[in-house]
Amino acid sequence: MIVEERYMRRALQLARQGAGHTSPNPMVGAVIVGPDGTIIGEGWHRKCGQGHAEVNAVASVNDPSLLKDSTIYVTLEPCSHFGKTPPCAKLIIERGIPRVVVGALDPFVKVSGRGVAMLREAGVEVVVGVLEEECRMLNCRFMTAHTTGRPWVQLKWAQTADGFIALPPEAGENPLHMSTPVTMRLMHRQRALCDAIVVGAATARIDDPSLTTRYWPGKSPLRVVLSCQLSIPDNLKLLNDGMPTIIYNSMKNETRGVVEYVKMDTSDPQMWLTDLYRRGITSVIVEGGTDVLQQMIDAGAWDEARIEVSPRRVGQGTAAPSIKGSVRKQYLIDGNQITYLIP
């Protein structure tokens with residue numbers, strides 16, 4: 001098993017190179033090991049719509065005759081259906097690879113054990129569960145979405161050392177700046193890794209945010225605003241910069257260019273989360289404000305919270321959300337403490 005884990009760890013390293021580019025597909029890595037124990041092929045899923053990890057690994061093998069005596073290690077169950085690309089399980093069978101080691105099964109309903117079944121029915125030896133927890137954690141967004149029917153949710157906010165996320169309106173400093181240039185870039189990296197970003201009407205109205213990844217190379221997420229009574233002005237950046245935005249509200253269904261108004265009960269997070277999942281969104285960052293964040297916390301509709309605490313103290317303002325969870329990791333950057341919580 002130690003040898004198996006070594007090759008699977010390499011497959012995990014490869015898979016991570018697809019971060020931010022594969023959604024709504026998962027990140028997947030594959031390693032092909034020849035009969036003498038040396039790696040003869042490697043690949044990873046580089047971008048949604050392009051070749052899967054197994055396809056790229058097989059294509060990288062210089063001597064295809066070795067495949068008939070090789071083992072392929074793949075972090076996620078090979079697909080068995082025709083999507084944007086042909087099924088990888090079929091490719092493995094056609095190339096005569098006799099043994100497959102799988103990290104984790106795919107929860108997606110069109111795969112979900114069918115890939116492994118297809119391989120075994122063709123006489124391929126299949127081992128499942130090598131570094132399974134690591135393989136599942138790599139794709140926690142994908143796994144959560146397809147097992148719960150809603151996107152994986154990260155709550156994110158920055159607060160002062162005395163527990164405030166915004167000053168009173170008369171203070172004249174909103175948004176309240178607490179992130180450093182480095183932590184701001186890291187936060188934009190988090191945005192690039194998610195499919196959608198959510199704010200409430202008050203945050204949209206007061207901060208007039210862009211909600212893009214301008215400080216990190218990568219795609220900007222779909223912007224989502226929760227505005228029950230459509231209490232947001234028409235001159236917001238979110239409504240005028242030409243980037244796709246959804247406004248969940250209780251007033252109307254309407255489309256204006258790339259801005260879509262969707263009539264829905266915004267008080268129930270499961271309602272709009274389910275709608276986003278139906279649209280192919282597998283991961284969401286909720287960035288505020290306090291009312292929206294607390295609503296998510298109280299509903300138990302979150303999977304991770306990223307809390308940045310600045311040493312600054314302001315003495316008054318809007319209190320940060322109240323949350324309880326287990327610390328997954330914690331570190332200091334430029335004097336700011338970053339804490340990741342899980343339920």
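Colleague: Where is the place of Pro24?
Modeller: This is a predicted model in which local features need pLDDT of at least 70 and side-chain atom pairs count only at pLDDT 80 or more, while totals for chains, interfaces and linings use all residues. Residues are numbered from 1 along each chain as its sequence is written, and side-chain values use heavy atoms, with hydrogens and water left out. Helices (H or I, at least four residues) and strands (E, at least two) are DSSP runs, numbered from the N terminus. The peptide bond from Ser23 to Pro24 is cis, with omega near 10 degrees, and Pro24 sits in the loop between helix H1 (2-16) and strand E1 (29-33).

Colleague: What is omega for the peptide bond from Gly288 to Gly289?
Modeller: Gly289 belongs to the loop between E13 and H11. The bond from Gly288 to Gly289 is cis, and its omega is near 0 degrees.

Colleague: Is Leu131 buried or exposed?
Modeller: Leu131 is in the loop between strand E5 (125-128) and helix H5 (132-138), and has a positive phi of about 55 degrees although it is not a glycine. Buried means under 20% relative accessible area, exposed over 50%, and partly exposed in between (1.4 Å probe, protein chains only). With a relative accessible area of 8%, Leu131 is buried.

Colleague: How many residues of strand E8 are buried?
Modeller: Ala196, Val198 and Gly200 point one way from E8, and Ile197 and Val199 the other way. In a regular strand the side chains alternate between the two faces of the sheet. E8 (residues 196-200) is largely enclosed by the rest of the structure, because the buried residues number five of the five.

Colleague: Which residue in E9 is the bridge partner of Ala196?
Modeller: Two strands pair if DSSP finds at least two bridges between them. E8 and strand E9 (residues 222-226) run parallel and are joined by five bridges. Ala196 has as its bridge partner in E9 Leu222.

Colleague: Which residue in E13 stands opposite Val199?
Modeller: Strand E13 (residues 283-288) runs parallel to E8, with four bridges between them. Opposite Val199 stands Gly288.

Colleague: Which strands stand at the edges of the sheet?
Modeller: The open sheet has 10 strands with mixed pairing, in the order E11-E12-E10-E9-E8-E13-E6-E14-E17-E16. Each edge strand has a single partner strand, so one side of each is left without a neighbour in the sheet; these strands are E11 (254-256) and E16 (326-333).

Colleague: In E12, what is the bridge partner of Glu254?
Modeller: E11 and strand E12 (residues 259-263) pair in the antiparallel sense over three bridges. The partner of Glu254 in E12 is Tyr261.
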